[in-house]
Structures are given as C-alpha cells and as structure tokens.
Amino acid sequence: MRHYLIRRIILTVPTIIGISLVSFVVIHLAPGNPVDSMTMLDPKVSFEAREKLMAQYGLDRPIYAQYMDWVRRIVFLDFGVSYRDGQKVIAKVAARAPVTLLINILSVLLILLIAIPIGAASAVRCGGLYDRFTTVIVFIGFAFPGFWLALLLMSLFGIRLGWLPVQGIVSLDFDTLTAVGKTVDVAMHLVLPVFVSCVGGIAGMSRYVRNNMLEILHKDYIKMARAKGIKERDVIYKHALGNAVLPIITILGLSVPGLIGGSVIFESVFGIPGMGRLFYESVMSRDYPVVMAVLVIGALLTLVGNLMADISYSVADPRVRYDK
Amino acid sequence: MTNKLFVTGMAIVSVLAVMVLMAPVICRYDPVSINIKQALLAPSNAHIFGTDYLGRDLFSRVIYGGRVSMMIGLVAVMIALITGVVVGSISGYYGGVTDLVLMGVVDIMLCFPALFLILAVVAMLEPGIVNIMVIIGLTGWMGVARLVRAEILSLKNREFILTSRALGAGSARIIFKHLIPNAIAPVLVSAVLGVAGAVLLESSLSFLGLGVQLPSPSWGNILMEGKASLGVCWWPMAFPGLFILITVLGFNLLGEGLRQFFLPYKV
Amino acid sequence: MGMDYSLKGLPARGDCLIAASIADAITLIPMVASDSASHELCSLIYSGLIRYDKDLNIIGDLALSWEISQNGREIVFTLRDDVRWHDAVPFTADDVLFTYHSLIDPKTRTPYAGDFNKIESLQVINPYKIKVTYAQPFAPALSSWAMPIIPRHLLQNEDLSFAKFGRQPVGTGPYKFVRWVTGQQIVLKANDDYFGQRPYIDYYIYRVIPDPSTMFLELQAGGVDLMGLTPLQYNRQTQNVYFNRCFNKYSYPSHGYTYLGYNLRDNKFKDKKVRVALDMAVDKQSIIDGVLLGLGRICTGPFLPDSWAYNKGVMSRRRDIPGAKRLLAQAGWADTDGDGIIDKDGIKFQFCLLINQGNSLREYAAQMIQQQLKEVGVMMRIQSIEWGVLLGEFINKKRFEAVLMGWGLPPEPDCLDIWHSSRVREGEFNFISYKNEEVDRLLEQGRLVIDRASRAGIYQRIHSILYDEQPYMFLWIEDSLPIIHKRFKNIKSSPSGIRYNFTEWYVPSEEQKYGPRHKVLL
C-alpha cells in the first residue's frame, strides 16, 4: 500500500511541471498586454507613462526569464502581485476560493445524494414506467445550458415569486443576524447556485449509476445470489449497489475540473465573488499573474482530487493496486 | 429502450439538420436585415418566434444561427477526434517512452478546467469562428485518446494483428487498417456526445461575451443579445435556449442509443 | 396624535443608499486608479482643490480661492484651514505638495502625470497657501487640480502602487471609508467632520453585480436603490405602476460621445469626399431611434453640447443617398462591374469595422451602419474584439481600417492629445493619424490662451473644421439613465448630471428604510 502511494505521488511531479508550463505558455502566447487595457483611451495617459508601466511590470524581459522567475517563486506559493490593484495574488485567490469550494462540495454531496437512488431505482425497474420517466428527465436536465437555466430560475423564484434572493451570498443585514439566521441567510442564497451547478451532474451521475447497476445485475455472481434464494432486496442493495457505486469515486475525481470550470458561469449570473468570477475578471483585464495563478491552482485542485479518488479507490478495492 | 433512445435522438438530430440545411427555403426573412420599426414584436403569424431588438425575424436568426452552432459543434469534434485518434493510437501501438510522454500530456490537459483554458485562450486571441472551433477541439481530445489507446492495447496482441505483422505489414497500415476500425464504436459514441458538449460550450462562451462574432448569428449570441431584454419580453431568450436544449438532448440521446447498441451493458 | 405632521417630507439625516455597479473598484488611491468604479468612489472619499458645480463652472473645494497671474503661468491657491482628514489630522499645503510629488514620481504607476509634468515648481508659501508655476501658460491647469489630494502623513513612506491604503483609504471628502468586501460591496459612512455640508444620507453602499440584466432583477427585488438603466429598461421595463410608485427615472446627456474613426493612412479614407459621403450615407437619427430608443442626440464634434467650446453653428448633414453616391463618384468610386459594390482601379470598397466585445449598443449600431452603407455600395464587415487586444494589437499598432469607439467629454475642452499631428506614436491617441496644420495651431493656442472668450473662439473653430473634414464620423451622445428609489429627495438633473449635489439628497424620516437596527451599517 505504501509503495503504491509513494509511486502515485512521485508520478504527479512531471504533471505539476507540465501544468505550470501550460499555464504560462497559454498566457504569454497571446497578443496584447495588460498595460494596454489599463491605460489606453484615457487622454490623460501619456506615452511615456505607458512605457514606464511596461518596464515596471517586467514585461520587457525575455519570456524564458519571466518563466524561470515565476516558477522559482510559485514553489513558495508566491504568485506575485496583481497588475490591477497591487494586492498579493495568493491573498486574492484565498479570499475567493472558499465560496467556490463550498458551492462545489455542496453540489457534489447533492449529486451523490440524489443521483445514486435515482440511478439505482431506474436500473432495478429497467424499462418500466419509472425508468422511462427518469430517463426523460435526466436527459433533459443534462441538456440544459446552465446560464439559461440560472436566468430562468432567477426570474421565477427571485422576481415572480420572490422566494429567494437573486444576487450574492449574504444579505445586507447579514451581520445583525443570529447564528441560525446567518446560516439560513447563506443557505437561501446558495439554493439556486448549488441547484444550477449540480443539475448536469445529477443527470450524468444517475445515468452512470443506472448503467453500472444494469451491468452488474447481469453479472454471474448476482444471478448466482438470486439462484441461491437470497432475497431480491438484499441482492440489489447489498451486493449490486455497493459494486455499482464504487467506481463513482473515480468519476468524482474526474468531475472536479468540470465543476470548477462551470463556476465561471454561475458565479457570473448570481454575482458570487468566487474563483470563477475572479478568473473571468482577470482574463478580461489581462491580469497575467492572477490568470496564471488560478489556472495552476485550478489544475492542482483537480490533481489532488484525482489523487484522492485513486487512493480511496485503491483502499476500497485492493485489486486496483495490483492491476496497474 | 435502446431503440427508443436511438430513434428519438436520430429523429431530433435529423429534423434539426434538415431545418438548418434548408434554411434559405424555410425562412421568410433575411436573418440580418434590420427593421427598427418592427423591434421586439411578440410571436405572431408573421414572425412565429417574434422579432429582436433591431426588428430582425427571430425564427430566421435561430435557424441560420443553428448552422453556425452545429458547424462549430461538428468541426470542433472532428478536430478533437482526429487529435485523439492520432495520439491514442500512437501511444497504444508504440508503447514505452512515447506512450509515457503522450499519456503524461493527456494527464496534464485533463487537470485543467476546460472552460478556464478556453476562456484564457479565446479572450486573448483574435476571435472568430475558426479559433473557437479549434480551441474547443484542442481541449476535448483527451478522452478519445485514452479510449483509442485502451482499445488498441487490448487488440494489439490479438491473433489477426500478429498475423498481419508477420506478413510484413507496416505500422501505419496496421494502425489504420486494423486497429482503428476496431476501436471505432466507442469513439463514435464519444464523438456524438462530444457534439452536444461543444454546442453547450459555444453558448457558454457567447454568454460570457467571448463567442461567435457579429454579424453571424449563433444560438449562443442570439441568446446573449436576448438577455438584454430579460424582464420585458421572453421570446428573444426563450427560443435560442430551447434550440440549444433540444440539440444537446438530440445528440445525447443519439450517443446513448449508439452506446447501448454497440456496447450493451457496458459503460 | 402625537405625530408632528409638519416634519413630514423634511430633510432628515439617516438611511442608506445602495448603488449597483457592474464592476468592483480596483484601488481607492485616486491617481493609481484608472477605472470608473474606483473614480466614482474616490470622488466621495476625497476632495480636490477645485470641483465643478451643476453648470460645470469651476468652484473651490479644498481651495477657498485662487489667483491666476497676468501671464497665465502662476496660480496661487488659498486653502481652507478648517479641513481635517478622516483620521482627524489637519489638512495642509504639505498634502498638496505631497500629492504633486507622488504624481510626477516615475515610480508611481499613474496615468495622470501629463498635466502635472508641465509644472515648473510648486511652492508652499504657508500651510494654507501654495504657488504653482508653469513653464509656459497652460489653460487646462486650473481644471487639472480637480485631482483628489491624498494624505502625506499616511503615505509618505509607502509605494503608492502597492500601498494597503488603496483598500482602506483616508480622505477629506463627505464620506468615510468603512469596509470593502472584495467583489461584493464597499461601504462608506457620512463624515460628521466634513468641511462642507454634512451629507444627509448616512451610508453609501456600493454593490457589485456583474451582469446588467440580473442587476435589474435585483433592483426590482429591492436590493438596489440606484443603477443606470439601458435604453430598453428605461423605455419598456420601467413603465408600470410598480416602478412609477417606487422609483424616479432621470435622463440627461452623458459626458461622452461615440464615433466611427477611420485610419487615415488607408488609401480609401484619405479623400475627404469619401469621408463626407460616408457621413451622408449614415442616418444618425435612425440609429439613435433604433439602438438608443431615442435616448440620445446626434454628435457633431468632440465638445460637450451647451458648453462654451461647442459651436452651435455646426449642423448635422442630412441623409442623402444620391448625394453620397455623387460624391463617391467624384472621388472615383463607382460600381463598374454591377455587383452592387463600388470600386476604383479594380479595388472594391470594402472595409472592416472593429468594435470592442460586450458593448451591445455598439454591436447593434455597427449592424445598422453596415446595412446603411450597403445602400451606397460600400461593404463593411464587423469584427468585435476583446478590449485589451483591440487596443494593444490593432489600435496602438494602427492595424485597422475603421473602429467604433467612444471618448469622454470632460468640461475642459483641451483635446490636443487626440487631434494633434504629433500624437501619432504607438500608444498615443491620434491613432487615426489625423493631420491638419490649422487644427494643430489652434490646439496649441487653446492651451496657451487663458481668456475664456478667446478660447471659446478657438475650440468652436476646431469643431467646425473637424465636422467639415470628417476624420471621425461623429455619431451620438447617449443619455445617462439613472433610476433612483423614490424615497430619496432633492435630486436635480443638471448639465453635470445628478451627482453634483449628492450630499444634499435626503430621505424624510418617515420614509427611511435602513435604520440603526441594520447593524450592517455601523
């Protein structure tokens, strides 16, 4: 076990180097530079001022020197300072990451909680009315453009019905609320974003569980169990479901980048100041240090997600370790 | 069940394809002709989807927009497919260091949230349909590469391959003649599902203001334009959204149908 | 019974105004900030030496009075002696000197050094008197002192570009900084110690809502008191009973114009006849009606309408398709091959118009111009490009044929940097490469002459030359369309907008919405 762990972790080193390289190259291949979007079209910005800004940001140095410099610093989590406001990049990311992580973790929990029962039930009743109904719902849910759904839900629940707040993560009078009040307030604000961010996941995951379950229900050992006269309920819930759900761990690891990526969309719609929104703002203002930091950190989160998935899978199902 | 998914998906996709291809025949109006006196008219017999801010017929725009959106989806997937098949087969066939390096690249690419990478690149390059297709394609090939590699690994040592190698067939010939055709089923399934994903991605990009450029309508940017009238009229946002939904639904059903047809009980 | 009805509706302190904005501020150090969100907040937190009143006249702010010498090279400011920074330290001339030094310090990342580099010396005569000397007469000098003054005692050992101060500013303005929750809100509180009239409204909350249509939803939900409407929202979404009961809407010309700029190095656009013909082919009023829903006016030149620099004699050309075709024919452009596109020497008249992404009004307008130019046989393509790339790769490098953009219209009309033929280097603002010797001379004169009446003559002449020569196709000045909750009283529309008397806005006590129970405000 320990041998597997060590090997698995060592294998991530080249990946991390690759991640840093891709993040850096993507940004620096692009035309245009941040000084232009910062200063241009303000008649009070002089030509000399522009040149001066370029030199101050170090944008006049060769690209490999900029890369080496950057890598040397990010090893110590020093991503430099933002071009936009001079704040430490790592502090900006740290301020924005918790909301995004909270929403994503809630989404994942909700996806598991809803998708597994739905998927399992439709596998058991494969071809029945329930299965057909959920299949239709699942496919429609999976096909919804997230931002469209978000806007539709927002005008329905936020404006027409007035049940839920439409913007941000807390109310203006948040600080005056009791602990219970605060929790309720945040929860109310999170209902729509979490729902929107997990609709696709619920659909995809329940489909996955259903198919997995179907496959297992056709396996010999299940048939055997049935033949032995074990109760159908036990066959399904003890033998089949456990095996069908196990591979979900891996799928979860793989779904991390999709969730983080999706946060750009729903954070824009719901005005949530998370990492996705930070990334979008930084891209649009060419705040290179922040863009690169979010790319690297987003990728590292995925890497960690995958690593944890692999490890827990190998703990749960020891065969894996020797297979690979 | 299999049949139903496949048939429904096929029906949706075919109807959409026909509508989009026959656009000049079924549209009564020019999708780009402006008539500000007709701005934001509700759906009626004259304009069955209503009109937009500049008085353009929304039905025509949605149908012509479908051409752009579907083309982006198809071309992006073609690019992903070609890249994925090439990388996957080289990796699987040659193995060793080549395999290690290529799969390393796949691992790296898979770590990035696709939307982040696409946003960063699209925002910084000169925009345009071509760039969007290429970028969506180049961030979506990794799954195909893994599939193809896995298939080829499992086929590589089968008898018919060994036989043809013994008969002196070259690597390229073996890869293209024997290995790829055998891996086609899972690749096809993932390609069909990929079209749905690419159409969704295009609309997300347009939503963020980084999508297809004017004046070409695409579902994403018609929807984006329609968002400005959110609260005053529903039709400019409703119809393009609905078409995205139906298209994605169609391709997903088709893909799922194919999957069950080729690979029953296999995920 | 016990209620004193006579107090109803009277000015009262209290309540809170929640303003919505698309973007968060970047830094609250005024000279380092270059975005409008930061500037808006800085204007409440800080004061300059001078400011503009409702009719755009210069009046004193931190300066009580000033004298400009006969030769126009010296200004002596007498400062108020009753001003204290938000941390209670007295304000003195040293702060002005410090602000000046920070502006011209090469280490400061400021885009606003230009006007201050013209200063030869700045002398502190006594703590409340300073003398500014310019190398030569500089007419915009006085207006440049609207620049907010920053506190020396808090910043003298700081690097302004990175100072923490940018996120916890201290000024002398009507509002004090309370808190900044990144990406969500910035809270300001009325300054009890303000040297002017203490604002009635106790709190100002600046809420960030990145998407305009969701911002509008939030206005309806009651979470926002003030926002700028789009023309569509103004005309069609806010006409119902609910809005009439709860909100007041205002409309007044914004301080900015939109134009279509030609690259004058491009052979197609070198001929004035061609540019005039294109101007005749485009019906500005139809664009204003269609895109701005009538909420704007035709622009004929780069000056604020109704200001002293504006030439009322300049009349907008009427749309005249045959006339435009005639002019194009005189310039050698005609449709010789019958494909509907005019050509000359075998080259078709087609060009690409660049616009910046995400500005839907400009996108609509570009499409209307495209359709109208087609009628005279000119093929225009549209490409929208992300702001940074548009500026850096296309405008700065002069790699464009035509571009749809806008300029602000400040009360000070000096626009030498935009039109002078010397301002054509990469990154400078005469990116269309306009050159007219008379305009060059007039622009230089406009800076040297101090007398308002003579300056008016100069700028009005520039106005008429520019309209005649059409280096830009001047398009429109759109209206600002703020909407404000009805409980706020004493809001008056004026040439400078509605914000100029913000400290006088109030909510009668019986209508106040946010009170002490909202501890968020403390």
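How many of the 10 residues of helix α9 (residues 272–281) of chain C are buried? The count is 8, so the helix is mostly covered; buried here means 20 or more other C-beta atoms within 10 Å of a residue's own, with exposed at 12 or fewer, partly exposed in between, and C-beta atoms placed from the backbone. This is a predicted model, where local features need pLDDT of at least 70, side-chain atom pairs count only at pLDDT 80 or more, and totals for chains, interfaces and linings use all residues. Residues are numbered from 1 along each chain as its sequence is written, while chains are lettered from A and ligands numbered from 1 in the order in which they are written.

**View 1. Helix α9(C) and its neighbours.** The buried set includes C:Arg275 and C:Asp279. Its packing partners in chain C are β14 (256–262), α11 (321–330), α12 (360–374) and β21 (472–480); contact means C-beta atoms, placed from the backbone, within 7 Å. Helices (H or I, at least four residues) and strands (E, at least two) are DSSP runs, numbered from the N terminus.

**View 2. The β8(C)–β9(C) hairpin.** Strands β8 (residues 175–181) and β9 of chain C pair antiparallel over 6 bridges (pairing takes at least two DSSP bridges). C:Arg179 sits opposite C:Val187. In the turn, C:Gly183 has a positive phi of about 75 degrees.

**View 3. Strand β10(C) with β9(C) and β1(C).** β10 (residues 201–208) runs antiparallel to β9(C), joined by 5 bridges, with C:Leu188 partnering C:Tyr204. With β1(C) it runs parallel, through 7 bridges; here C:Gly14 partners C:Ile201.

Conventions:
Contact = placed C-beta atoms within 7 Å.
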